[in-house]
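Q: I would like a close look at one part of this model. Please keep to what can be read from the coordinates.

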Amino acid sequence: MNNRERDQVTVREVGFEEALDTVMPILRDIKKSLRRAPKATRTSLEQLTSVKATPKVTAEITPISSSVKKPAAPAPIPTRSAAPNEKPATPTSTTRASHSSKDQVDDGRLPKLEELKKNILTCTRCPNLVSSRTQVVYGVGSPFAELMFVGEAPGEEEDLRGEPFVGRSGREVLDKMIAAMEYTRNDIFIANVLKCRPDMPEGESGNRKPKPAEMATCLPWLREQIALIKPKVLVTLGATAIEGLLGESVTMRDVRGKWLDYNGVPLMPTYHPAYILRNQTMAEKRKVWEDMLLVMEKLGRPISAKQRSYFLPKA
Ligand code: SF4
């Protein structure tokens, strides 16, 4: 690889997130003006992602990338005050067990998951959602994940980018929560009950809650994902996700922090990241963090004293 090619690869790798931030508003404008989404988004983004993820490329750019500003490491769940014991540290340990697929022995699930992914990505069971969606949002993470987060449905950002929880609540709450647990998105799996963005009335923007019937139609896909990935623990994000997965209408006040069961898999309900984004008090953040401490204990993960103290009031 000559210097020019190497520089181009560096820009592609380092500037991926920034490029997406630039492209997203343009895609949104195109979608609004055409009332139909561009159809090449998934393929294009997957190609970009594969460039970013190629180990050979990463290794080659390391020596020269130090001169380029890289995206910041995951920060703690946002807090209004900056007391030392409130902030989860960015993970630094290299002694944690990795849960990435390369460390796992395939028990035959990989081809099955590939087949499932193809089927989900081409699903046309809901004609109204097929005509309004940009793409199906399959899910992201390790096929061997021990922990799976389940949300309700893709929003506008997720619909455009083809990945769950990439909007503000995903980036500013869920990603930081995952980092505080000393995982990455590659270690766990994140999926939604509904794989297509709920359609909005003409002329309206924003996102709407999926209807029970829509979730029931799509639920078999999530069930298959769970059956193949075999997580040891499920975490549902928000009441709608529980309703979609278990078919029970609940209030978060009643179920949050209590273990439920999904076909023998322990299920921890916690608040949706968007709720935390709207209610950024230490008390609400602590509730979610206590749920995650229970999850970590259930998974047998070591928990430091510092982790146990996140979001507690200062002594
Ligand atoms: S919401 Fe689910 S069932 Fe409906 S079209 Fe999308 S993938 Fe298929």
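Which of the 14 residues around the ligand come nearest?

A: This is a predicted model. Among the 14 residues around the ligand, those that come nearest are Cys123, Cys126, Lys195, Cys196 and Cys218. Two elements each give two or more residues to this shell, namely helix H6 (127-132) and helix H9 (212-229). H9 gives the most, with three residues. Sorted by class, the shell around the ligand holds 10 nonpolar residues, two polar residues and two charged residues.

The sheet can be described next. Six strands form an open sheet in the order E1-E3-E2-E4-E6-E5, and their pairing is mixed. Strand E1 (140-141) and strand E5 (260-262) are the edge strands, each of which pairs on one side only. In general, the strands of a sheet pair through backbone hydrogen bonds, and the pairing is either parallel or antiparallel. Strand E2 (residues 147-151) and strand E4 (residues 233-237) run parallel and are joined by four bridges. Across this pair, Met148 stands opposite Leu234 in E4.

Helices also lie across the sheet strands. Helix H10 (residues 239-246) lies across E2, E4, E5 and strand E6 (265-270), and H10 runs at about 125 degrees to E4. Helix H13 (residues 282-298) lies across E2, E4 and E6; the angle at which H13 runs to E6 is about 165 degrees.

How values were computed
Residues are numbered from 1 along each chain as its sequence is written. This is a predicted model: local features need pLDDT of at least 70, side-chain atom pairs count only at pLDDT 80 or more; totals for chains, interfaces and linings use all residues. A residue is near a molecule or strand if its C-beta atom, placed from the backbone, lies within 6 Å of it. Ala, Val, Leu, Ile, Met, Phe, Trp, Tyr, Cys and Pro count as nonpolar, Asp, Glu, Lys and Arg as charged, and the others, Gly among them, as polar. Two strands pair if DSSP finds at least two bridges between them. Two residues are in contact if their C-beta atoms, placed from the backbone, lie within 7 Å. Axes are lines fitted to C-alpha atoms, for helices over the stretch in contact, and angles run from 0 to 180 degrees between N-to-C directions.
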